[in-house]
Structures are given as C-alpha cells and as structure tokens.
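Subject: Structure for your review

Dear colleague,

Please find below the sequence and structure that I am handing over to you. My findings follow directly after them.

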Amino acid sequence: MVDRTLDASGLRCPMPLLKTKLELNSMAPGEELEVIATDAGSARDIPAFLQLSDHRLMSSSETAGQYRFVIKCGG
C-alpha cells in the first residue's frame with residue numbers, strides 16, 4: 001500500500017520528474033510514492049534519477065501508454 005500518489009498524467013518532460021523529486025523531498029524515509037505518468041520520457045528519466053539518489057524503485061509498469069512507478073523514499 002502506497003502512502004501517496006502523484007498523478008503526472010498529461011504532463012510533458014521534464015515535469016513528471018520534477019514533480020516526483022518535489023514530492024519525495026516532502027516525504028519521510030520509508031514512505032512509498034506511486035507516480036502515474038503518460039510521457040514516454042518518464043520511463044527513462046525517473047529510473048535514471050532514482051539510480052543517482054537514495055530512493056529505491058520498487059516496481060514499474062507500462063499499460064496502454066500509462067507508466068506507473070512505486071518508489072520507496074530513502075534517507
């Protein structure tokens with residue numbers, strides 16, 4: 001069960017990534033954020049950002065042009 005959901009549907013790159021960063025900055029370590037995006041760049045940008053951060057990608061999927069990520073907030 002995720003703690004927060006960020007719906008970035010309809011936003012163009014780089015807004016889904018920027019909104020994801022802002023949301024994670026306001027969360028406590030261990031909380032989980034679900035991000036929903038429709039911009040194909042998100043499938044590349046969000047995992048790449050997470051590899052460089054303390055946050056962890058728990059799952060990601062793509063269905064009919066909608067990208068879904070579950071991220072565990074790091075410390």
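Helices and strands are named here as DSSP runs, helices (H or I) having at least four residues and strands (E) at least two, numbered from the N terminus. In these terms, Pro14 belongs to the loop between β1 and α1. The peptide bond that leads from Cys13 to Pro14 is cis, with omega near 10°. Please bear in mind throughout that this is a predicted model.

Strands and their connections

Strand β1 (residues 4-8) pairs with strand β2 (residues 32-37) in the parallel sense, over five bridges. Within this pairing, Arg4 has Leu33 of β2 as its bridge partner. Together with helix α1 (residues 15-25), β1 and β2 form a right-handed β-α-β unit.

Strand β3 (residues 56-63) runs antiparallel to β4, and seven bridges join the two. Leu57 stands opposite Ile71 of β4. Two residues lie between the strands of this hairpin. Ala64 is located in the loop between β3 and β4, and its phi is positive, near 50°, although the residue is not glycine. Most residues other than glycine have a negative phi, and most peptide bonds are trans. Ala64 counts as exposed because its relative accessible area is 82%, where the cut-off for exposed is over 50%.

Helix α1

Which residues of α1 are buried? They include Pro16, Leu17, Thr20 and Leu24. These residues lie on the same side of α1, because the arc they cover around the axis is only 95°. Among the elements that cover the buried residues of α1 are β1, β2, α2 and β4. On the face turned away from the buried side, α1 carries the exposed residues Leu22 and Asn25.

Lys19 is also part of helix α1. Its relative accessible area is 35%, so Lys19 is classed as partly exposed. Apart from neighbours within four places in sequence, Lys19 is in contact with Leu6 and Leu11. Lys19 and Gly65 are separated by 46 residues in sequence and by 19 Å in space, C-alpha to C-alpha.

The nonpolar core

The largest nonpolar core comprises 13 residues, and those with the most contacts inside it are Leu24, Leu33, Val35, Ile46, Leu50, Phe69 and Ile71. Two or more residues each are given to this core by α1, β2, α2 (42-51) and β4 (66-72). With neighbours within four places in sequence left aside, Leu50 is in contact with Leu24, His55, Leu57 and Ile71.

Ser42 is found in helix α2. Is Ser42 buried or exposed? Its relative accessibility is 3%, and Ser42 therefore counts as buried, the limit being under 20%. Beyond its neighbours within four places in sequence, Ser42 is in contact with Pro16, Ala37, Pro47 and Phe69.

Annotation

An unreviewed UniProt entry carries the annotation "domain: UPF0033" for residues 6-30. In the model, this span is 44% helix and 12% strand, and its end C-alpha atoms lie 17 Å apart.

With kind regards

Definitions and conventions:
Residues are numbered from 1 along each chain as its sequence is written. This is a predicted model: local features need pLDDT of at least 70, side-chain atom pairs count only at pLDDT 80 or more; totals for chains, interfaces and linings use all residues. Side-chain values use heavy atoms; hydrogens and water are left out. Two strands pair if DSSP finds at least two bridges between them. A crossover is right-handed if, with the strands pointing away from the viewer, the path from the first strand over the helix to the second runs clockwise. A nonpolar core is a set of buried Ala, Val, Leu, Ile, Met, Phe, Trp, Tyr and Cys residues joined through side-chain atoms within 4.5 Å. Buried means under 20% relative accessible area, exposed over 50%, partly exposed in between (1.4 Å probe, protein chains only). Contact means heavy atoms within 4.5 Å. UniProt positions are given in the numbering used here, feature names are shortened, and annotations may be inferred rather than shown by experiment. The arc is that of the directions from the helix axis to the C-beta atoms.
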